[in-house]
Amino acid sequence: MTATGKILLLHGGLLCVLFALQFVLPAYHHGNLARIMVLASYAVGYNILFGYTGLLSLGHALFFGAGMYGMGLSIQHLGFSPAPALLAGLIAGVAVSTIIGLLALRTVGVAFMIVTLMFAQAGYLTVLYFVDWTRGDEGFVIQQAQRILWGIDLSDPSNRYFAALLLFSISLLISLWLVRRPFGKTLVAIRENEERVRMLGYDIQAHKLGAVVISGTIAAVSGAVYGLLFGYVGASFTAVPHSILPLLYVLLGGTGTVLGPFVGTVFMFYLIDLSSGITTAHMLIAGVVLVAVTLFAPQGLVGELRRRLWRWLP
Amino acid sequence: MTLLSTRGLSKSFAGLQAVSGVDLDLRQGEVRALIGPNGAGKTTLVGMICGRITPTSGQVMFDGREITRLPAHKRMLMGMAYTFQITSVFTGLSVAENVTLAARRRVPHSGLSDAVTTALRRVGLSEHVEQEAGDLSYGHQRLLEIAMGLVQGPRLLILDEPTQGLTEAEVDRFKALIRELAGETTILLIEHNMSVVMETADRVTVLNFGEVLAEGTPDEVRANAEVQAAYLGGD
Amino acid sequence: MELGPYLLLATLEGAVMASVLALTAVGLSLVFGVMRVVNIAHGEFYMLGAVFAWYIAHWMGGHPALGFAVALVVAPLVVGAIAVAADMTILKRVSYDPERTIVATIGLLYIIQQLTLMGYGPEARPVAPPFNTRLALPWFEFKDGALSMYWPWGLSTTSYKLAVIGAAIVVLLGVWAMMARTRIGLLMRATQQDRDMAQAFGIPVERVYALVFGIGAGLAALAAVLIVPIQQAHYLMGADPLLLAFIVVIIGGLGSLPGTVVAAILIGLSDGIISVFFSPTLAKILATLLVALVLVFRPQGLFGARRS
C-alpha cells in the first residue's frame with residue numbers, strides 16, 4: 001500500500017471510530033469525548049504554528065478567547081443567532097491573529113514567546129476590565145434557547161457530539177491537507193532552516209504570517225464552538241494556563257504530527273480527570289508531564305511512534 | 001552585457017572593515033572565481049550581493065536595476081541563486097522534495113517534475129531521487145545543494161566553496177558541470193581549490209583584507225607578484 | 001486628602017513596591033544574563049519564599065522579630081537550594097536549550113504551585129512584622145502668605161516599610177559588589193561573555209550556572225520574605241511579581257543589572273502613582289502592552305544601547 005493510502009486509511013479510520021464511539025460510550029465519557037474533540041481542534045491549530053512552523057506561542061488563549069468572545073458577545077449583546085455568531089468568532093480570530101502576527105513576527109526566538117504571552121495577558125486583563133460587557137471572571141451563560149443552530153439544539157448531548165466531531169474532522173483535514181501542500185512543506189522547511197528557505201526566494205515573513213493566521217483562526221473557531229456547545233463564556237479561557245494547554249497537548253502527543261494533538265489531548269484530559277479523584281491540584285499533573293516530556297520524550301507519543309515504527313506518518 | 005556590478009561596496013562590523021570599496025563587474029555568461037585568503041571578506045561580499053548582509057555603503061546593480069536595499073528573497077526571484085558554504089539541505093525531506101522546494105518559486109507548475117529530474121541528472125544524483133537527504137553522503141549532499149541552485153534556472157549562480165570536502169572524482173565531475181554551464185548562465189564561484197579555479201574560471205578576482213587585490217584571467221592572476229605574495233605563495 | 005499629600009503617600013507605597021520588585025527582577029535578570037534562560041517559574045520561587053517565611057514564623061513562635069529574622073536567612077537559602085536542585089536535575093539535562101527550558105520551567109511552575117496548594121493549602125496567611133511603628137508625615141501649605149507645616153490625617157507610613165526600602169538597597173549593593181568585586185562574580189561575568197571560552201579556561205560552567213540559578217531564586221524569595229508582613233502568603237501570589245519582573249527586565253534591557261534596577265524603580269513608583277488615577281486593571285493592561293511593544297520595536301530595552 002502506498003504511503004498516501006495508509007495515511008488516508010489511518011485518519012479516515014480514526015474519524016469513523018470517533019463516529020461509532022458515540023453509540024457505545026456511557027454518557028460521562030460521551031460528554032468528555034465531545035469536549036476533547038473541541039480542545040483537540042484547538043491543539044491542531046496550535047500545532048500548525050508550533051509543530052510545523054517551529055514558532056512557540058505562549059499566547060494562543062488570546063485567539064481561542066477572540067473566537068469565544070466574538071461569538072458570545074454578539075449573541076449576548078447584539079442578539080445574533082448561532083450561525084452569524086460563529087462567523088463573528090471566526091472574523092475576530094482572523095483579525096486578532098493578523099494583528100498579533102504582524103507585531104510578534106518582528107521578534108524571534110525567546111522574544112516571540114514573551115511577546116505572545118504579554119499580548120495574551122493584555123487580552124485577558126481586557127476581558128476583566130470591561131466587566132459590564134463580559135461579566136469579568138464570572139463569565140456568562142449562553143441559554144439553551146440561544147444555542148439552536150438551523151433547528152438543531154446544540155445543548156443536546158448527541159447533537160453536541162456531532163458538532164464537535166464535525167469541527168475536529170474539519171481541523172484534522174485542513175491540517176492534513178496543509179502539510180501535503182507546497183505551503184505546508186515550505187513551513188516545515190522554514191522550521192528546519194529559515195535562512196536556506198529565504199535564499200530560495202521565499203518570503204519568510206509572509207509564510208509565517210500565514211501560519212499564525214491559519215493557526216489562530218482554527219483556535220478561534222474552536223473557542224467559538226466550545227462556547228456554543230457548552231453554553232459558557234468565561235475569562236479563564238483567555239488566561240495563561242489556557243495558552244499552556246495546547247502546548248502541553250501537542251508536546252505530549254508529538255510536535256509536527258497530524259495526529260499528535262488529538263492523542264495528547266486524550267491522554268492529558270484523562271490524566272487530569274483520573275487524578276481529580278486523588279487531589280484538587282490537577283495542574284500538578286500538567287507540570288509533571290511538561291517536565292517529563294521535555295526530559296524524556298521530546299518527540300511526543302506519536303513522534304516516537306513515527307521514529308520507531310511508521311516513518312510515513314505525516 | 002553586464003549582469004551584475006557593485007560600486008564602492010563596503011561593510012564594517014563594529015568598526016572592523018570586512019569589505020571596503022569593492023567594484024565588481026560580471027559579464028553575462030561569464031564564470032568568475034572569487035579567491036583570497038581566509039578572512040579576506042569573500043563571504044561578506046557575496047552576502048551583500050545576494051542580500052543576506054546589508055552594506056554599510058556602496059551599491060549593487062543587477063540586470064540594470066539597483067538592488068542594494070532589496071530583500072534577499074526578491075533578489076532570488078529576479079534570477080539569483082545561492083548555494084551555501086555549509087551544506088544546508090533539508091535532511092528530513094527526500095532528494096526530489098529538496099529540489100522541488102528550490103524550484104517552486106521559479107519554475108511553472110507544469111514543468112516542475114521535468115526540471116527536478118533534469119537538475120538531478122546534471123549533478124549525477126538520478127539514482128537517489130527518493131532517498132531522504134539526511135541519508136546521503138557528504139559529497140552527495142553538496143551535489144544536491146548545487147542541484148537546488150541549478151533547478152532555479154538562475155541567471156546568476158553563486159556557489160560558496162562548492163567543492164569543499166568532495167572526493168577527487170567528484171571534483172572532476174563538478175569541473176565538467178561548470179564547463180557545461182559556462183555561457184548558459186553566469187557563475188560567481190568562491191573557491192579554494194586552485195585547480196578548479198584555473199580550469200573553469202574565465203576571470204578571477206582576488207580579495208585581500210576586504211579589498212580587490214587583482215583581477216584578470218587565471219593566467220594573469222597566477223603571474224601577478226602581489227597575488228603570489230598575498231595568497232598563492234603563502235600556502 | 002488633597003492631591004499633594006496623596007501623591008506623597010502613593011510615592012512611598014510605590015517605593016516599597018519598587019524595592020521588592022527590584023530584588024525579584026534582578027534575580028530574573030541575573031539568570032537570563034548569565035545563563036540565557038527565561039525562568040517562567042521565577043514567581044513560584046518568590047511565592048515559596050513567602051510560604052516558608054510563614055512556616056518558620058509559625059514554628060518559632062515567640063516575638064515576631066525572632067521568627068522573621070530566621071526566615072530572612074533560612075527561606076532564601078532553602079529556596080535557593082531547591083532551585084539548584086531543579087537546575088541540576090532538569091535544566092542541565094536539556095542543555096539549557098532556550099525553548100525546552102521555557103517549557104520545563106512552565107512545568108516547574110505548576111509543580112511548585114500545586115504542591116504548595118496541597119501542602120500549605122488555599123488560604124492566605126499573614127506573618128507579623130518584626131516592628132511596625134506608625135510614622136505620621138508632615139505636609140506643607142501656604143497659609144496667609146507663609147509656608148506652614150501640618151500633619152494631614154491619613155498621611156503616614158510605618159517603620160517596617162522604610163526598613164524594607166533600606167534592606168532592598170543593602171541587598172542590591174551586595175549583589176553589585178558580588179558581581180564586580182568577588183572571584184565568583186568574575187566567573188559569572190566570564191561565563192556570561194562567552195560560555196565556551198569560559199569552559200576552555202577551566203571555569204566550572206555547570207556549577208556557575210547552578211549557583212546563578214540558586215542566587216536568582218534566592219533573591220526572589222528574599223523579596224517575598226520582606227513583603228509578606230505587608231501582603232499575605234498565598235499559593236497564587238507568584239503570578240503578579242513574575243509579570244512585573246518580566247516587564248522590568250525587558251524595559252531595563254535584557255540581562256542588564258543597572259537597567260533592571262532603574263526600570264524597577266520607574267515601574268514600581270509609576271505603578272503606585274498611576275493607580276491613583278487609573279484602575280489597577282487598566283494600569284496593568286497598559287503596562288503589559290507597553291512591554292510587548294518595547295520588545296517588538298526596541299528589543300534592547302528603553303535604557304539599553306542599540307547594538308549593530
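This is a predicted model: local features need pLDDT of at least 70, side-chain atom pairs count only at pLDDT 80 or more; totals for chains, interfaces and linings use all residues.
Colleague: Where do I start with strand 2 of chain C, and which strand does it pair with?

Modeller: Look for bridges. Strands pair when at least two bridges link them. Here five bridges join strand 2 (residues 139-143) to strand 3 (residues 146-150) of chain C. The two strands run antiparallel.

Colleague: How many residues lie between the two strands of the hairpin?

Modeller: Two. In that turn, check the backbone angles. C:D144 has a positive phi of about 55°.

Colleague: Is strand 2 of chain C buried or in the open?

Modeller: Count neighbours. A residue is buried if 20 or more other C-beta atoms lie within 10 Å of its own. Of the five residues in strand 2 of chain C, zero are buried, so the strand lies largely in the open. Strand 3 of chain C also has five residues and zero buried, so it too lies largely in the open.

Colleague: Now the contact between chain C and chain A. How many residues does each chain give?

Modeller: Interface size is often quoted as accessible area lost when the parts come together. Here we count residues. Chain C gives 33 and chain A gives 31.

Colleague: Which helices of chain C supply at least two residues each?

Modeller: Helix 4 (98-119), helix 9 (239-251) and helix 11 (280-297). Helix 4 gives the most, with 16 residues.

Colleague: What classes of residue make up that side of chain C?

Modeller: Sort them by class. The side touching chain A has 25 nonpolar, four polar and four charged residues.

Terms used. Residues are numbered from 1 along each chain as its sequence is written. Chains are lettered from A and ligands numbered from 1 in the order in which they are written. A residue is buried if 20 or more other C-beta atoms lie within 10 Å of its own, exposed if 12 or fewer, and partly exposed in between; C-beta atoms are placed from the backbone. Helices (H or I, at least four residues) and strands (E, at least two) are DSSP runs, numbered from the N terminus. Two residues are in contact if their C-beta atoms, placed from the backbone, lie within 7 Å. Ala, Val, Leu, Ile, Met, Phe, Trp, Tyr, Cys and Pro count as nonpolar, Asp, Glu, Lys and Arg as charged, and the others, Gly among them, as polar.
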